[in-house]
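Here is a short briefing on one protein structure. Take a look at the fold first, then read through the points.

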Amino acid sequence: MEMNGNPIVEFVQRYQALQIRRDTSSQLIKDLLVYSEGTESTLRAENQQLLQQIRDLELDLSADTRSRRDLQQQLQAAELRLSSFQLEVNRMKNSNPYVVVLIDGDGLHFKESFIRGGVEGGKKAAYALRTAILRECGEHANDIQVIATVYANLAGLGKAMRRNGSIDNENDLRDFAQGFTQGKAMFDFVDVGHGKERADNKIRESTNWNLRNYNCKQVILGISHDAGYAPFLDELFHDEETRHRVTILEGFPTTRELVATGAQILNHTETLFESKKLIDKTSSARNPTPPAFSPGVIGSGVPGNNSVTNNSGNNVALTPSTSTNFTPATSTNSTPATAPAAPATTYARAIGNASPPPQITLPIQPRPITSTRPSQQQAPKTAAPPPVQWNPGPRGLDPPIQVSQTALDSIKKRKENNKLCNNHYLRGPCAKGSDCCFEHKYKPSKDEINAIAFLTRLNPCANGQDCDVEDCIYGHHVSLFG
């Protein structure tokens, strides 16, 4: 091999070229080693993380397994306790079961034979009532307790029964109430005294309380005579279960409003209760002579006061030619020209909370028309008996009412379908609301209000001078029963 030129230089060049290739190969190997080391480190770290996660998951699985077993054991224990509680609740529900009987004694009356029997009659009535209720319980009769309470105004009820002829002495009723209370430990006869809706409120509250008690299997209400309970029952019967737990105990035939509620009805008129309301049998027997009336302001509270003050302030005597006899009825607008004989007055109607008093004709002695013209011949005067002496009781005379003859005629002309409600216009919103059969939407003038008050006062108050109702709208100087 020939060397042209300087051979040394050529060797050096060839050596340098070889050195460059060697360096490139070494660098490649270094790069490969570095990359491999990094990848290995990364994989090693990830592997460590996965191993740690596996250990953690194993611990979690072990803990969850123990927790699940604990929860299963707790669940089994809870189910056992729940079963025990259910048994206890059922035992408590079925232990001491009772039926409560709540009677409005002012309208639902026991048989006359019981009441005339005094204390012994009361005990017999309690036994008979308990037996009748247990007979309805069938196979559960031996386990059921009967609780009965009668609410009544003893004083007023005793007077009404005496006038009806059911008893000869008002003390017979008190003895009967005492015997009824003594007859059974869970039987009571409660005297609620005078007052508006006192018996009704007690019956409503006691009904609500007992229906919330699971031990009470049935509430039996002696309210068949009073339609005022219908809204209360409608509210209760929104719950279908409650409907099956309430029964009406019937003496006097159940009013159509109560029948419409769909309540169950239990009739025991043959053995326990009277089916007729009390009437005043003494007034028809007495047939008193009508007292004479002298001119004055109507409603002054003095018998014999028989004139109306017109709009100009002059007294106008009420005679057959200027006015008819005022016949109080269930509405202020019922004034027939010829007053019929007074119908029987019932005690329940007289004390009903929202019910108007019974129809009673107030005797007014007709007087001739007086004229200021000398040319007009005056009608002959008839002899009248001397005025009846009357002294007011503790309530005193009713304040006088000045009445416009025009307004009076306007109110009296109203017919059956638009008669005004006395309670609504004189004492505030009517308790019956939309169930009331009288007019509530009419807006009367002040004179018409006075006319309504005057006509309403012709109805005697059931309690007379013993009335303690401040806003009573009825008359207190005319005896209800004569």
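This is a predicted model: local features need pLDDT of at least 70, side-chain atom pairs count only at pLDDT 80 or more; totals for chains, interfaces and linings use all residues.

Residues are numbered from 1 along each chain as its sequence is written, and side-chain values use heavy atoms, with hydrogens and water left out.

**The sheet**

- Six strands form an open sheet with parallel pairing, in the order β3-β2-β1-β4-β5-β6.
- Helices (H or I, at least four residues) and strands (E, at least two) are DSSP runs, numbered from the N terminus.
- Two strands pair if DSSP finds at least two bridges between them.
- The edge strands are β3 (187–191) and β6 (264–267), and each of them pairs on one side only.
- From one strand to the next, the twist averages 20° (axes are lines fitted to C-alpha atoms, and angles run from 0 to 180 degrees between N-to-C directions).
- Strands β4 (residues 216–222) and β5 (residues 246–250) run parallel and are joined by three bridges.
- I220 stands opposite T247 in β5.

**Strand β1**

- Seven of the seven residues of β1 are buried (buried means under 20% relative accessible area, exposed over 50%, partly exposed in between, with a 1.4 Å probe and protein chains only).
- Both faces of β1 are covered. One side has Y98, V100, L102 and D104, and the other has V99, V101 and I103.
- Seven bridges join β1 to β2, and the two run parallel. V101 has A148 in β2 as its bridge partner.
- Six bridges join β1 to β4, again in parallel. I103 has G222 in β4 as its bridge partner.

**Helix α4**

- Helix α4 (residues 154–164) is largely enclosed by the rest of the structure, because eight of its eleven residues are buried.
- The buried residues are L154, G156, L157, G158, A160, M161, R163 and N164.
- G165 follows α4, and its phi is positive, near 90°.

**The nonpolar core**

- In soluble globular proteins, nonpolar side chains tend to be buried together.
- The largest nonpolar core here has 37 residues (such a core is a set of buried Ala, Val, Leu, Ile, Met, Phe, Trp, Tyr and Cys residues joined through side-chain atoms within 4.5 Å).
- V101, I103, F110, L129, F180 and L249 touch the most other members.
- Elements that give two or more residues to this core include β1 (98–104), α3 (118–136) and β2 (145–152).
- The largest share, six residues, comes from α3.

**The cavities**

- How many cavities of 30 Å³ or more does a search of the whole structure find? There are two.
- A cavity is a set of points on a 1 Å grid over the protein atoms alone, where a 1.4 Å probe fits but cannot get out, and lining residues have an atom within 4 Å of a point.
- The largest cavity holds about 60 Å³ of space, where a volume is the space filled by probe spheres set on the points.
- Its lining includes G105, F110, L157, M161 and F189.
- α4 and α5 (170–183) are the elements that give two or more residues to this lining.

**Lysine K412**

- K412 sits in helix α12 (residues 405–412).
- K412 counts as buried because its relative accessibility is 14%.
- K412 and I452 are 40 residues apart along the chain, and their C-alpha atoms are separated by 9.1 Å.

Terms used
On a 1 Å grid over the protein atoms alone, a cavity is a set of points where a 1.4 Å probe fits but cannot get out, and a pocket is an open set with protein on both sides within 12 Å along at least five of seven lines; lining residues have an atom within 4 Å of a point.
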